[in-house]
Amino acid sequence: LSHSDLAERMGVPLGTVKSWIRRSLISLRGCLAS
Amino acid sequence: MSDLPDNDLLAAEYVLGTLEGDERREAERLLSTDPAFARAVAVWQQRLTPLVAQVAPAAPPADLWGRIEANILPPVTADIVPFRRRVRFWQATTVAALAIAASLAAFIVLHEPEPPRVAVLSPMSGGAPVLMATAERNGALIVKPTASIQVPTDKDLELWALPKGETKPRSLGVFPPSGRQLTAELAPDTQLLVSLEPKGGSPTGQPTGPVLYGGWLTTIQLPSG
C-alpha cells in the first residue's frame with residue numbers, strides 16, 4: 001500500500017499518514033539500533 | 001548525503017513499499033547510484049523482515065477475486081470481449097512478473113548470505129513482546145527491550161538458552177533492562193528464557209527465580225536464501 005492508499009483507506013490526510021509512518025520508523029530504528 | 005537521517009527514512013519507506021511518485025523514483029535512483037543508500041535499504045530489510053514474520057497470515061476475503069476481476073475487466077460488449085480479456089490478463093501477468101523479477105533482483109543484490117536469526121520474547125503469562133534478541137553471525141547475541149521493563153534494584157535479569165529436547169537451560173549471562181550484547185553459540189531450535197535472579201545472576205547455575213519471558217529463536221528465511 002502506498003502513502004495515499006493508506007490515507008484514503010484510513011480517512012486521514014496524506015501528510016498525517018506520512019508523519020505517522022516516519023515517526024514510527026524513527027522509534028523502530030531507535031529500538032532496534034545495535 | 002545518504003547518511004542524513006532523511007535518506008535513511010526514505011530507505012525505510014522504500015522497504016515498506018509506501019513510496020510513490022517522485023519519492024519512489026528518487027529512492028530507486030539512489031538505490032542504483034548511491035552505495036550508502038543501498039546499504040541503508042539492506043539494513044532496513046533486515047530490521048523489517050523479522051517483524052513481517054511475526055504477523056499472522058490472513059486469508060483474503062472470499063469475494064476478493066471477484067472484485068479484482070470487476071476492476072480489471074471493464075464491462076464491454078460485442079464479441080471482442082474474449083480477446084480483450086486475454087489481453088488484459090497478459091498485461092496484468094506481465095506487470096506482476098516484472099514486479100516479482102525486480103523484487104528478486106533487489107533481494108539477490110542486497111541480501112546478506114546468512115539468514116538472520118531472531119527471537120521475540122513475550123511474558124510467560126501472555127501479552128505483548130517485551131524483548132527482541134538478534135543472533136549475529138559472529139556469535140554476538142543482541143538483546144534489546146521493545147517495551148519498558150521494571151526490575152527491582154536488588155535483582156538482575158538473566159538470559160538462558162534451552163535447546164529443543166533438553167531440560168537444563170544454559171546461562172547466557174545477566175543483562176540490564178536497557179539491553180546488552182551477549183555472546184552465545186546457539187543451536188537452530190533454541191528457546192530463550194529470561195528469569196529474575198539475585199544481583200549478579202543465579203548462584204546455582206540454574207534459574208532460581210520466576211521465569212518472566214520466553215521465545216523461540218527463529219531463522220528468517222529470505223527468498224534467495
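1. Chain A has a secondary structure of two helices and zero strands. The model is a predicted one, and every value below should be read with that in mind. Of the 34 residues in chain A, 26% are buried, and the accessible surface of the chain comes to about 2100 Å², with 59% of it belonging to carbon and sulfur atoms.

2. Next comes the interface between the two chains. The size of an interface is often given as the accessible area lost when the parts come together. Between chain B and chain A the buried area is about 1600 Å², and carbon and sulfur atoms give 60% of that area. The contact draws 22 residues from chain B and 16 residues from chain A.

3. On the polar side of this interface, eight residue pairs are in polar contact between chain B and chain A, counting pairs in which both residues are at pLDDT 80 or more. As for the elements involved, α1, α3 and β3 (140-145) of chain B each supply at least two residues of the side that touches chain A. The element that gives the most to that side of chain B is α1(B), with eight residues.

4. How many salt bridges cross the interface of chain B and chain A? The rule finds three, while a search of the whole structure, over all chains, finds eight. One of those between the chains pairs B:Glu23 with A:Lys18, whose closest N and O atoms are 3.4 Å apart.

5. Another salt bridge is formed by the side chains of B:Glu13 and A:Arg22, at 2.8 Å from N to O. This pair joins two chains, because B:Glu13 lies in helix α1 (residues 5-16) of chain B and A:Arg22 in helix α2 (residues 14-32) of chain A. The two partners may also be compared by their accessibility: B:Glu13 has a relative accessible area of 1% and is therefore buried, whereas A:Arg22, at 23%, is partly exposed. Leaving aside neighbours within four places in sequence, B:Glu13 is in contact with A:His3, A:Ile21, A:Arg22 and A:Leu25 from chain A, and with B:Thr18 and B:Leu19 from chain B.

6. Within chain B, B:Glu28 and B:Arg24 form a salt bridge in which the closest N and O atoms are 3.3 Å apart. Both residues lie in helix α2 (residues 21-33) of chain B and are four residues apart, so about one helical turn separates them. B:Glu28 is partly exposed at 35% relative accessibility, and B:Arg24 is partly exposed at 26%.

7. A further salt bridge in chain B brings together the side chains of B:Asp156 and B:Lys199, at 3.6 Å from N to O. Here the pair links distant parts of the chain, 43 residues apart, with B:Asp156 in strand β4 (residues 155-163) and B:Lys199 in the loop between β7 (190-198) and β8 (211-219). B:Asp156 is buried at 15% relative accessible area, while B:Lys199 is exposed at 55%.

8. At the start of α3(B), a side-chain oxygen of B:Asp34 comes to within 2.9 Å of the backbone nitrogen of B:Ala36. The buried residues of α3(B) include B:Phe37, B:Val41, B:Trp44, B:Arg47, B:Leu48 and B:Pro50.

Definitions and conventions. Residues are numbered from 1 along each chain as its sequence is written. Chains are lettered from A and ligands numbered from 1 in the order in which they are written. This is a predicted model: local features need pLDDT of at least 70, side-chain atom pairs count only at pLDDT 80 or more; totals for chains, interfaces and linings use all residues. Side-chain values use heavy atoms; hydrogens and water are left out. A salt bridge is a side-chain nitrogen of Lys or Arg within 4 Å of a carboxyl oxygen of Asp or Glu. Buried means under 20% relative accessible area, exposed over 50%, partly exposed in between (1.4 Å probe, protein chains only). Contact means heavy atoms within 4.5 Å. A polar contact is a pair of N or O atoms within 3.5 Å; within protein, one must be able to donate a hydrogen and the other to accept it, and residues adjacent in sequence count only if both atoms are side-chain atoms. Accessible areas come from the Shrake-Rupley method with a 1.4 Å probe; for residues, only the protein chains shown count as cover. Buried area is the accessible area (1.4 Å probe) that two parts lose on being put together, summed over both.
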